[in-house]
Amino acid sequence: LPLLLEATLLRLASGSHHPFYNGFYYNHLMNDKGNGQEEVDYFNGAKLVVETSKDPVYSSNGANVTLPCHYHYEPDMEAKPKIRIKWSKLRDDYTKEQDVLVAIGKTYMAFGDFQGRAHLRQVSRREASLVISDVRLQDDGKYRCEVIDGLEDESDVVDLQLQGIVFPYQPPRGQYRLNFHEAEQVCQEQAAILATFNQLFQAWSEGLDWCNAGWLADGTVQYPIRLPRKPCGGLHLAPGIRSYGPRHRHLHRFDAFCFSSGLRGEVFYLDHPAGMTLEEAKQSCQDAGAEIARVGQLYSAWKFLGLDRCNAGWLADGSVRYPITKPRANCGPAEPGVRSFGFPSKGRFGVFCYKER
């Protein structure tokens, strides 16, 4: 019996997402009366309705979150004791949906990165809410809640948005040196992931203005402009997100737009009267029971913890930067931001360290 149940769950997870066919259950009969309209006949005489949150659900890296989902019937009727429930994550590039969890009754199975982190919350009648613990950057996105009662199959979508920050990134080699896969890698090395279009749009609406084009998670190349100017698409274009569209993921090279969320620890600054080389800086962080901070961690500390330091410090990628929340004289431009000195081959600076809580 357990093997049979597991096989059923796996079959449910691998089902198609055609509106009227989920792999092995039909849910509607279409009766063409010849007048251009179709009549829907529900097998059990009642319509199954699935509802999720119409507003986005917000969370952050390392937190726990509940994606609400409930179902009912019109007219009201009793549901079967073993309703089938499936949660899947919609991909930004519109490829096959990612299986998250399937359940029959109180037995469920989670898949992939969601194993050990996802389960159903069914504390109220006809609830099918999904609980995700230890939220990760990759969890941001849209999720489908699908409820199957015999031959009835209905679903709705809820949007999980991580509170985070988008930052442009160039490697030490300079501008436009990354293909798509290298862009993915450098973002991961900076405690981040490639940003989605929605994340870039949100950053643009909050003031991000960057003239260099960068990869996004869907394989497109775009850049945000608040102040139109000649080198950035021309003066005749309105402010917005400029797009090069999809590019060849191996051949074409651009910068990257990375996304980082809240921290599970703290970023702090260490200094030495004579400054430090990069290797000395790494050792100083280790001596303090920490590690040298990565770019995404510095941006997150600036954005969410208000880190403000006018002293430049090394980061793990060999860059030297400093975060300013309260602009002032001798600390760079008049706007808040993370200032960069690039990747100096020589020089002695302080260091930003990161320590888990």
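**Pockets, helices and buried residues**

Author: Helix 2 gives the most to the lining of the second largest pocket, with 3 residues. Residues are numbered from 1 along each chain as its sequence is written. The model is predicted, so local features need pLDDT of at least 70 and side-chain atom pairs count only at pLDDT 80 or more, while totals for chains, interfaces and linings use all residues; side-chain values use heavy atoms, leaving out hydrogens and water.

Reader: What makes a space a pocket, and what makes a residue part of its lining?

Author: A 1 Å grid is laid over the protein atoms alone. A pocket is an open set of points with protein on both sides within 12 Å along at least five of seven lines, whereas a cavity is a set where a 1.4 Å probe fits but cannot get out. A residue counts as lining if one of its atoms is within 4 Å of a point.

Reader: What volume does the second largest pocket have, and which residues are closest to its centre?

Author: The volume is about 560 Å³, taken as the space filled by probe spheres set on the grid points, which are joined across faces, edges and corners. Of the 23 lining residues, K89, R91, D92, Q138 and A217 are the closest to the centre. Helix 2 (180-189) and strand 15 are the elements that give two or more residues to this lining. Helices (H or I, at least four residues) and strands (E, at least two) are DSSP runs, numbered from the N terminus.

Reader: How do the residues of that lining divide into nonpolar, polar and charged?

Author: There are 7 nonpolar, 6 polar and 10 charged residues. Ala, Val, Leu, Ile, Met, Phe, Trp, Tyr, Cys and Pro count as nonpolar, Asp, Glu, Lys and Arg as charged, and the others, Gly among them, as polar.

Reader: And what about the largest pocket: what is its volume, and which residues lie nearest its centre?

Author: The largest pocket has a volume of about 1,500 Å³. It is lined by 49 residues, with I165, V166, F167, A203 and L208 nearest its centre. Two or more residues each come from strand 12, strand 13 (152-162), strand 14, helix 3, helix 5 (295-305) and strand 24 (337-340). The lining divides into 24 nonpolar, 13 polar and 12 charged residues.

Reader: Why is D139 called buried?

Author: Buried means under 20% relative accessible area, exposed over 50%, and partly exposed in between (1.4 Å probe, protein chains only). D139 has a relative accessibility of 3%, so it counts as buried. This residue sits in the loop between strand 11 (129-132) and strand 12 (141-149).

Reader: What makes the link between the side chains of D139 and R117 a polar contact?

Author: A polar contact is a pair of N or O atoms within 3.5 Å; within protein, one must be able to donate a hydrogen and the other to accept it, and residues adjacent in sequence count only if both atoms are side-chain atoms. The side chains of D139 and R117 are joined by such a contact at 2.9 Å.

Reader: How do you know that helix 3 has buried residues on one face?

Author: In helix 3 (residues 197-205), the buried residues are Q199, L200, A203 and W204. Seen down the helix axis, they fall within an arc of 140 degrees, so they line one face of helix 3. The arc is that of the directions from the helix axis to the C-beta atoms. Those buried residues pack against strands that include strand 14 (164-169) and strand 15 (193-194).

Reader: Why is helix 5 said to be largely enclosed?

Author: Of its 11 residues, 8 are buried, so helix 5 is largely enclosed by the rest of the structure. Q297 is in helix 5, and at 5% relative accessibility Q297 counts as buried. Beyond neighbours within four places in sequence, Q297 is in contact (heavy atoms within 4.5 Å) with residues including L263, V267 and Y354.

Reader: Is Q286 buried or exposed?

Author: Q286 has a relative accessible area of 52%, so it is exposed. Q286 is in helix 4 (residues 278-287). Q286 and Y354 are 68 residues apart in sequence and 9.8 Å apart in space, C-alpha to C-alpha.

Reader: What makes up the chain as a whole?

Author: The chain has 5 helices and 25 strands, and buried residues make up 46% of its 357 residues.
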